[in-house]
Every structure is written in structure tokens, then in C-alpha cells.
Amino acid sequence: MTSALSTIRHCLEGAIPGIIATCDREGFPNVSYVSQVHYVDADQVALSFQFFNKTRRNMLQNPQMTAYVMDPVTTARYRLALLYLRTETEGPLFQNMKAKLAGIASHTGMSGVFELKGADICRVLEVEAVPGAIGALPARNNTRNNAPRNWLSVLRSLGERMARQLDLAALFEETLAGLGEEAGISHSMILMADSPHAKLYTVATQGYAQSGVGSEIPFGAGVIGVAAQYCVPIRINHHAAEYGYGQAVRAAFRGDAQLETAIPFPGLPQPHSQLALPVLQGSDLLAVIYVESDQDMGFTYDDEDALAVLARLLADAIARVQWLPDATDREAGEPPVRSALPVAGGRPLQVRFFAANQSVFLDEEYLIKGVAGAILWRLLARHAAEQRVDFSNRELRLDPQLKLPEVDDNLEARLILLRRRLVEKTNALAIVKTGRGRFRLQLNRPVQLIEQST
Amino acid sequence: MECAPGLDKLLSADNLAFIQKGISISVASRDRRLVPSLSRALACVRSEDSTQLRLVLVASQSQDLLRDINAGSAVAVGFTEPSTHRTLQIKGRDARVEPLSNLDREALARSKKAFGHEIGQLGFDDAFNQRFFHAEPHDLVVIAFTPEVVYQQTPGPGAGGVLKPDPSGQAEPGL
């Protein structure tokens with residue numbers, strides 16, 4: 001009996017290592033274990049090449065191989081007729097397998113021994129179901145991590161929820177809330193890409209004590225950074241220290257003074273399952289969706305497929321929201337206020353701006369730096385000079401002092417970040433949305449602006 | 001007839017016990033076109049005269065392998081302890097398919113119990129082990145062969161080395 005490769009992917013998670021049989025030119029067979037028989041697509045798998053061994057020598061002499069894999073839940077067994085095609089030693093597939101292997105190695109006490117040298121790509125000529133006793137699969141359940149989720153119904157509902165959102169902030173929040181409510185994924189975040197600076201900044205999170213909005217991750221660091229750098233989903237189903245935020249990012253911090261280090265990354269201290277997916281527009285990286293769990297084997301191939309579809313929905317929704325026209329004065333609801341609203345009294349809030357890294361401190365407490373810091377400083381300066389409180393995204397884009405790039409400035413995402421940081425850090429100052437592409441600077445205390453040149 | 005050298009010339013007492021204790025066993029051969037065949041064995045026991053290893057397999061799960069063994073192809077057998085990754089591979093050229101003896105059946109029962117305990121440590125329940133070992137009695141066969149070479153295959157620097165037992169009985173990785 002033959003089966004489709006895509007239907008036996010749960011045998012390819014590494015819970016039970018695969019067995020590989022090869023044969024040399026003289027006709028002597030060889031048998032060995034392989035840590036990963038990785039699903040590439042409906043017709044191909046990749047074997048983890050970790051050691052220069054007899055399997056490898058045979059494979060290069062005689063590309064015909066047979067693999068034996070087993071379902072760790074049902075005991076179903078399958079034989080795969082394989083034909084070795086080529087080895088990849090870099091790139092998305094390699095990075096994907098390298099991360100997964102790190103999780104397997106850590107789980108099996110083989111960290112430092114298991115190291116990926118290459119991804120040996122094989123065509124799958126046949127999948128043979130080996131006869132034998134087979135147990136039942138667990139029922140689908142959207143609220144438990146180890147039961148398969150009913151993703152079609154989840155995606156249908158999530159897609160509808162996302163389609164109703166008219167601005168980026170609401171879109172991000174609804175996406176993550178939906179993941180929690182519909183799919184039982186309770187720890188998630190969205191990070192926007194800042195490709196010119198090879199880093200990501202957190203714009204929305206769900207399920208953490210501290211939101212961590214504004215925290216940054218350099219490309220290449222941890223599961224999230226590797227997913228961004230190679231534009232490939234990265235999934236690890238066991239705790240792997242080298243892909244944890246701490247170890248991966250600490251090294252990067254030392255080399256980049258501009259990286260946001262004052263806002264702690266909100267992730268779980270020791271995630272046992274991690275999945276990061278690129279959100280792409282064409283080949284451009286817009287963002288990364290990240291989910292994690294404190295359980296082993298938290299995310300399956302099916303979960304990865306579903307979240308890849310979600311990433312596609314999110315990319316389209318981001319594009320749609322960004323192209324919505326800014327609200328007209330009439331649509332904006334409240335009439336614009338051209339002169340300053342009466343400011344409540346009280347002790348002035350000291351706003352200190354360091355031009356070198358565009359960082360802003362409120363009463364000596366750090367708020368934010370970079371583009372978001374520059375925007376806040378510019379708004380406060382214009383408020384001081386012109387007594388204005390109402391602003392539009394458009395005028396910020398055109399403001400020569402801010403020097404935002406003409407296209408793809410991610411202004412809306414920067415404003416989400418700034419708005420959120422203000423909510424978290426002070427009652428004295430807020431940015432309130434008054435319509436699409438419009439917002440109001442709300443001052444609840446007088447402010448004193450201090451610019452530091454060094 | 002030439003006298004077989006005996007298993008204890010090739011395997012240390014420790015390794016001989018290791019491969020019979022109820023661990024993961026995979027068996028490979030190949031057909032005339034050098035396409036590998038592969039199956040799992042459920043138990044391993046030394047022959048009564050201690051010259052051969054006898055592997056118990058489920059015939060219906062191992063059709064290609066049995067065909068190749070019957071055609072006279074060589075055999076490669078991997079032994080792995082899942083909890084430690086300790087691995088040996090043993091190869092031979094005289095493999096034959098035979099019916100089970102009472103000693104084979106006893107070995108199978110021992111292996112089932114020990115393997116259940118071994119994978120139980122890794123989170124697999126007894127039902128998994130029962131299914132893994134499930135077979136109709138008439139569907140069981142033995143592959144018997146004389147080991148010629150033993151390889152140390154535990155992942156790490158010494159993997160792939162040929163093992164030769166030294167006089168003290170401690171096996172060391174060969175060159």
C-alpha cells in the first residue's frame with residue numbers, strides 16, 4: 001500500500017529517528033540512524049548530514065536508499081524509496097533544518113555532537129505503508145497544544161476577523177487575539193522588519209506580563225532573526241539554548257550600539273517550542289509572526305502550514321490597510337483643533353532628547369529611540385512652536401526634518417510603537433488616533449523640552 | 001567444514017549482552033540492482049553454538065528484505081539503545097531465513113519487556129510497545145547470520161570505527 005508523503009509528516013518530526021539503508025558499489029549494505037528526515041515538499045525529503053560516514057560514502061556511490069520512519073503516536077511504520085539528488089550547505093532549507101536539529105540535539109542530550117553539515121535532498125519515489133498494528137490518532141482540538149487543530153475553521157474565522165480591521169494597530173491586535181481564542185496559541189507576537197538596519201522591532205504581543213513592544217531583534221539572531229534573514233519558517237520543538245533570545249541576541253547587542261536594548265524582549269524565558277514565519281510582500285520582508293509554547297512538540301508541520309497561510313493573509317491585510325485613504329476632516333469625527341487644548345497644570349514633564357541615537361527620556365526614564373523617538377520629538381517641538389495638537393501621517397512623511405524614506409517608511413508601525421510605549425510609560429502624554437492617518441497629541445501636563453547634543 | 005570462529009572472538013562480553021538486551025534493531029540487505037531493503041527486527045539472540053546471531057522479524061513487514069536474504073545478499077544490522085544512542089553495526093554474508101526455535105521465542109518475550117522499559121523512559125507508553133511487537137505467531141521468522149565485522153557507530157568522533165575485542169575483553173574502536 002502506498003501513501004502520500006504529505007500525510008505522514010508527523011513521522012518526520014524527529015521524535016523517533018529515521019533509519020537509512022544504503023549499499024556500496026560492491027553490494028555491501030549499510031544501515032544507520034538519521035536525526036532528521038525532513039519534509040521538503042510533496043516529492044522530496046532532506047536527510048540531515050551530520051557526519052562523514054559510510055551512509056554518506058555509499059549515497060555518493062549509489063544514490064538508491066531506503067528509509068524507515070515511524071509515527072511516534074500511532075506506531076504506523078513507513079518505508080520510503082529514496083533517490084539522492086544533491087546536498088545544500090547554506091540557504092533557507094539548511095537554516096530550517098539546522099534550527100530543528102538544534103532542538104532535537106538538545107532534547108536528546110546531543111548538543112555539541114549533532115551539528116548540521118548539509119541537507120541531503122532526496123526524491124521520494126514511493127511511500128510504502130508497512131503492515132502492522134496502528135493506534136488511533138487524537139481527536140482534533142483547537143484549545144489543546146498537543147491535539148491537532150482544526151485549522152480550516154480557524155483560518156476561516158481569523159481571515160474574517162482580519163478583514164474587518166481598518167488600521168494596522170487593530171489588525172495586529174486582532175490577529176494575535178484570534179490566534180489565542182481560535183487556535184489556543186497563547187504566546188504570540190508580530191515584529192516589523194527594518195531591513196535597512198537588518199533588525200526587527202516588536203509592534204504587538206499577546207500573552208506576556210510585559211508587552212515588550214519596542215524591543216528589537218537583529219536579523220540572524222534566534223528563531224525570529226533567522227526566519228527574517230533567510231525568509232523561511234523556523235520551527236523548533238524542544239528547548240534549544242542557542243536559539244533562545246538570551247544567548248542569540250546578547251552577542252548581537254555587543255556589536256550594534258543602535259540596537260534597542262533598554263526594552264526587554266517579552267518572550268518566554270525557556271520556550272520548548274518556537275515557530276517564526278516571515279510575512280512577505282513579493283520577496284520583501286514586511287514582518288515576522290512568532291508563536292511559542294512552554295510545551296515540547298507544540299507546533300507541527302500542519303501548524304506551520306496554517307501559520308504560513310496566516311502570514312500570507314496578514315501581508316495582504318497590511319497592504320490593504322496601508323492603501324486606505326487617510327480620513328477627511330469630516331470623517332475624522334472630532335473637528336481638528338488648530339490651537340492647543342488647555343493644558344492641565346501640574347509639574348512639567350521633562351522630555352529629554354538625545355540627537356545621537358534619537359532617544360527620548362521622560363523625567364529621566366527611558367521611553368524609546370530611533371525613528372519613533374525622532375517623531376515624538378518633532379511633534380512636541382511643533383506643538384511648542386505652533387501650539388498644534390492635531391497631525392496627519394501625510395505631513396510627517398513630507399516633513400523634511402524627519403527625513404523619512406519616501407516609500408515604505410513603516411510610519412504607521414512606528415506610530416503604533418510610540419503610542420503603545422507612551423501608554424505603558426506615562427499618563428502625562430499620549431497619542432490618540434482621530435481617524436485613518438490622523439492623530440492628536442494629548443498633553444495632560446505641561447512639558448519642558450531639553451535637547452542634548454551628546 | 002571450517003569451524004566458525006565464535007561470537008566471543010568478535011564481540012566483547014559487554015557488546016554481546018548489549019545487542020541481546022532488547023534495544024532497537026534495524027536490518028538491511030539489497031537486491032540485484034543494489035537497491036537497499038530495510039526492516040526492523042524485534043529481538044536478537046546468539047545461536048546455541050554461539051557462532052551466529054539470530055534476529056526475529058515479522059515476515060509480512062519484511063518482504064523485500066527476506067527476498068534479498070533468500071537470494072544470498074549480505075546483511076547489515078544496526079543495534080541502538082534509544083536512551084543513550086549507543087550503537088553497533090554488525091555485517092555478515094551468510095544470512096539465511098529460518099523458522100523460530102523455542103530459544104528465539106523466549107528471546108522475543110525478553111526483548112519485548114526490556115524494550116518497553118527502555119522506550120518507557122522516553123515517554124512511549126505500553127500500548128505503543130504492544131503495537132510495536134504485535135505479530136501473528138505464524139508471521140514470525142528468523143534471519144540467522146555469522147558476524148564478520150563489527151562497527152562502533154555511536155554518534156561522535158569514534159563513529160564508524162571497526163571494533164576488535166582486546167585480551168581484557170574491553171572493545172576499543174579500531175582504525
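Me: Which residue stands opposite Gln44(A) of β4(A)?

Reply: The residue opposite Gln44(A) is Asp41(A). The model is predicted, so local features need pLDDT of at least 70 and side-chain atom pairs pLDDT 80 or more, while totals for chains, interfaces and linings use all residues. Residues are numbered from 1 along each chain as written, chains are lettered from A in written order, and side-chain values use heavy atoms, without hydrogens and water.

Me: How many bridges join β3(A) and β4(A)?

Reply: Strands of a sheet pair through backbone hydrogen bonds, either parallel or antiparallel. A strand is a DSSP run (E, at least two residues), numbered from the N terminus, and pairing needs at least two DSSP bridges. Here β3(A) and β4(A) (residues 44-49) are antiparallel over 4 bridges.

Me: What is the strand order of the open sheet in chain A?

Reply: The 7 strands run β2-β1-β5-β6-β7-β4-β3, with antiparallel pairing. β2 and β3 (37-41) of chain A are the edge strands, each pairing on one side only.

Me: How many residues does each chain give to the contact?

Reply: Contact means heavy atoms within 4.5 Å. Chain A gives 43 residues and chain B gives 34.

Me: What area is buried between chain A and chain B?

Reply: Buried area is the accessible area (1.4 Å probe) that two parts lose on being put together, summed over both. For chain A and chain B this is about 3000 Å², with 62% from carbon and sulfur atoms. On the side of chain A that touches chain B, the elements giving two or more residues are β1 (18-23), β2 (29-34), β5 (64-70) and β6 (77-88) of chain A. β5(A) gives the most, 6 residues.
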